[in-house]
Amino acid sequence: MELNGADIVVQFLKDEGVEYVFGYPGGAVLHIYDALFKQEDVKHILVRHEQGATHAADGYARATGKPGVVLVTSGPGATNAITGIATAYMDSIPMVIITGQVVTAYIGSDAFQEVDSVGISRPCVKHNFLVKEASQLASTLKKAFYIASTGRPGPVVVDIPKDITDPSIKVPYEYPKDVSMRSYNPTVKGHPGQVKRAAELILSAKRPMIYSGGGVILSGADKELIDFTQKLGYPITNTLMGLGGYPGTDKQFVGMLGMHGTYEANMAMHDCDVLIAVGARFDDRVTGDVKHFCPHAKIIHIDIDPSSISKNVRVDIPIVGDVKQVLSDLIGEIKSSKTKVDKDALGKWWQQIDEWRGKDCLRYNRDSELIKPQYVIEKLYEITGGDAYVTSDVGQHQMWAAQFYKFKSPYHWINSGGLGTMGFGLPSAIGAKLAHPDADVACVTGEASIQMCIQELSTAMQYMTPVKILSLNNRYMGMVRQWQEFFYESRYSHSYMEALPDFVKLAESYGHVGMRIEKPGDVEGAIREAFAMKDRLVFLDFITDKTENVYPMIAAGKAHNQMHLSSERDLA
Amino acid sequence: MRHIISLIMENESGALSRVAGLFSARGYNIESLTVAPTEDPSLSRMTIVTFGSEEIIEQITKQLNKLVDVVKLADITEGNHIERELMLIKVRATDAQQRSEMKRLTDIFRGRIIDVTDTTYVIELTGTCEKLDAFIEAIDNDNIMETVRSGVSGIARGEKSLGLNTN
């Protein structure tokens, strides 16, 4: 069949099975928008700012495992999208971003709305393309989806000059079913020798620890991870990105680790003798001081990205491969091995871990007359039965959501872990709600973060995405305030949110429901009421204790056994 | 430690900037970088001279391998290899004594004079970086008008090869 470039883009998206495109029109993509207008298979979600488009597509991707798709115009459309692209890149989220470009003949002439999108996006994409011929559109888009969603996933930008989508130029189109690239072949299967060595080391452990990350979720390896962990009976911790990869309610789960991880998780990391890192990348927020990271442990690292191995921490047994495949191979090796788990040693190890658990490190003051932010999350967890898709922005509320919402399954915890992008929460919640219209979707945010993409309240109204926004309003950029209290002698330099809008009225002005909650006794009722309104977006403005800090805390660059438990309970 | 990394990559626009961008973004050093198409015009061969600890070199090779355009890569300093660099050097050669001195030095270093005017010579010299450095050392600095160096090209000795049909 012969199609023009614009129709090829849309037809390709349809053939690729794309359900939603998140975008914003403009000069360079008008041909494509015209092609979108003529069909109903690919649904377009009009955002209010291109950053919102990327976060919404990202939320959709994180909630489904399928690539999110974005369509923006050249110049400012592309630059506005960059924050969202970088956010997806840092968390390895599959996305394809189509950016319009000025006509080929004008490239390099400083034309209206021209920016070097390929150059600007290069450091924060997995790969990018500039399409030079209409005949290459389909194969380039196919490569983009393939690269975005295989290996270590990531965002791929496809920059399309306006003349390539010219309606008057038709070229043959056929959906490319297969793609092969001589320069890109991710390793999926782990080296059998390494798997064997790893299995022996795992079984010989006296004080083992499993540390799993976002790779488990990206690979869809949760079942294998559960099987692996429960067969061994070993303790497991999740990174911020890995929450939901293992059920947060299970007794073998010792909580999140790292800067705001639990006491038991961090202490177990520090004292373990064999560490099994599964799809995690030894981020500085996890390791703290790398010199004192797991000082007694032999380390096994399973990761699909060879460059993640021994990047921050030297490991003893690296296994490059897809986590799902490697875990199932490991389970096989463990079953057939003559070495058996040392039950006595493991029993003692669990005794020690339970002693650490006894500290009840997430304890907070439940008798306060002010609303404690932790309490709000606890109630959210109870009321949604742990089944909601929870997105968050960045800061204290993000950490409390991670600590107090016990995620049962993957794809449910959606947050910007790597880049730490404020403004992520609301648009990503819209993306998650579109993906799962019948599920509860909550956006846990703060009064500072929510204002960074507040305009998407309008998008949520237009497309009827009734998410629940739980804003923990402490009138501060809470995490900034916390660091200023700890490390800058309480000089709260520009972290106070003055001149806040009336969020209730603001929500109402967009056509949503707004509620302000000021007493602890009203928290539960308000959340129940909000979730009962199935078809309305509800903005819950919780006026919380402004002095509350996130504990436990390991200061940047400190070791896992140097934890602050609370202002009263100091160094552990 | 100094390392020479050879790589084969897709000969596409922007491929060079991906490599250069990777080095600047991650704070790696580049001493020299050369690139040109191979016998297969769809592929380019690049030679990068870099230095760093073993850990850093390991990261550099892994990060380069991760670039979607990179087909194959080797650190040729890991084994026996040959490296060459081309230098063109323009020197002042006015009086007879200067001219004969330049000619003599060029011969000693097995270079060639490839352009002659009343006042200048252009000398072509190929060799290791050390040899080129030594030549510059040997001639009077005041007589050097211009030097152009190509950066290092390297190749493994013997059966080892970075071609697509071999290991």
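Colleague: How many salt bridges are counted between chain B and chain A?
Modeller: The model is predicted. One salt bridge pairs Asp305(A) with Lys66(B), with the closest N and O atoms 2.9 Å apart. That lies within the 4 Å cut-off for a salt bridge. For chain B and chain A, the count is four.

Colleague: Which element gives the largest share of the side of chain B that touches chain A?
Modeller: Elements giving two or more residues to that side are α1 (15–25), α2 (54–66) and β4 (70–75) of chain B. By class, the side has five nonpolar, six polar and nine charged residues. With six residues, the largest share comes from α2(B).

Colleague: What area is buried between chain B and chain A?
Modeller: The contact involves 20 residues of chain B and 19 residues of chain A. On the chain B side, Arg18(B), Lys62(B) and Val68(B) lose the most area, together 39% of what that side buries. Carbon and sulfur atoms give 44% of the buried area, which is about 1600 Å².

Colleague: Which strands stand at the edges of the open sheet in chain A?
Modeller: Six strands pair in parallel, in the order β16-β15-β17-β18-β20-β19. Each edge strand has a single partner, so one side of each is left without a neighbour in the sheet; these are β16 (413–414) and β19 (513–517) of chain A.

Colleague: What is the bridge partner of Ala442(A) in β18(A)?
Modeller: Strands β17 (residues 441–446) and β18 (residues 468–473) of chain A run parallel and are joined by five bridges. In β18(A), the partner of Ala442(A) is Lys468(A).

Methods. Residues are numbered from 1 along each chain as its sequence is written. Chains are lettered from A and ligands numbered from 1 in the order in which they are written. This is a predicted model: local features need pLDDT of at least 70, side-chain atom pairs count only at pLDDT 80 or more; totals for chains, interfaces and linings use all residues. Side-chain values use heavy atoms; hydrogens and water are left out. Two strands pair if DSSP finds at least two bridges between them. Helices (H or I, at least four residues) and strands (E, at least two) are DSSP runs, numbered from the N terminus. Contact means heavy atoms within 4.5 Å. Buried area is the accessible area (1.4 Å probe) that two parts lose on being put together, summed over both. A salt bridge is a side-chain nitrogen of Lys or Arg within 4 Å of a carboxyl oxygen of Asp or Glu. Ala, Val, Leu, Ile, Met, Phe, Trp, Tyr, Cys and Pro count as nonpolar, Asp, Glu, Lys and Arg as charged, and the others, Gly among them, as polar.
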